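I opened my notebook to write down, one entry at a time, what I looked up in this structure. The sequence and the model are placed here so that each entry can be followed.

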Amino acid sequence: MALPWAMKNKQPIYAVYDPPLRGFPYLAVVLATDGTVTAIPFDTIEEASTFNNQLAKAQHGARIRH
């Protein structure tokens, strides 16, 4: 499970989840080190990935790993 890993390693996890069914959104998800999970819907995988990349860079700068 990713959340214990994020908490243990003190690094949030940024993920994009595909829609489970046609018509549902892609989800940009952040598993934070404090145990919180946030998900924001997007129409395309590109929008969700761009959002996560920008958020990660804003929060972590050059320390982010791709």
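How many residues does helix 2 have, and what distance does it reach from its first C-alpha to its last? Before answering, I noted that the model is a predicted one. I then found that helix 2, residues 45-60, has 16 residues and reaches 22 Å between those two atoms, which is close to the 22 Å expected at 1.5 Å a residue.

**Entry: the whole chain**

I stepped back to see where this helix belongs, and I counted two helices and three strands in the protein, running in the order α-β-β-β-α from the N terminus. Of the 66 residues in the protein, 20% are buried. The protein exposes about 4,900 Å², and I noted that carbon and sulfur atoms supply 58% of that area.

Which residues of helix 2 are buried? I listed Ala48, Asn52 and Ala56, and these cover an arc of only 65° around the axis, so they lie on the same side of helix 2. When I looked for what covers them, I found that the cover includes strand 1 (13-17), strand 2 (26-31) and strand 3 (37-42). On the face turned away from this buried side, I found the exposed residues Glu46, Gln54 and Ala58. Just after the helix, I also wrote down that Gly61 takes a positive phi of about 55°.

**Entry: Asn52**

Leaving aside the neighbours within four places in sequence, I found Asn52 in contact with Tyr14, Ala15, Val16, Ala28, Val29 and Val30.

**Entry: Asp34**

For another entry I turned to the loop between strand 2 and strand 3, where Asp34 is found. The relative accessibility of Asp34 is 56%, so this residue counts as exposed, the cut-off being over 50%. With which side chain does the side chain of Asp34 make a polar contact? I found that the partner is the side chain of Thr36, at 2.7 Å. I also looked up Asp34 and Lys8, which are 26 residues apart along the chain, and the separation of their C-alpha atoms is 9.8 Å.

Conventions: Residues numbered from 1 in each chain as written. Predicted model: local features only at pLDDT ≥ 70, side-chain atom pairs only at ≥ 80, totals over all residues. Heavy atoms only, no water. Helix = DSSP H or I, 4+ residues; strand = E, 2+ residues; numbered from the N terminus. Expected span 1.5 Å × (residues − 1). Buried < 20%, exposed > 50% of the residue type's maximum accessible area, 1.4 Å probe, protein only. Arc of directions from axis to C-beta. Contact = heavy atoms within 4.5 Å. Polar contact = N/O pair within 3.5 Å; in protein donor to acceptor, adjacent residues only side chain to side chain. Areas by Shrake-Rupley, 256 points an atom, 1.4 Å probe, with all protein chains shown as cover.
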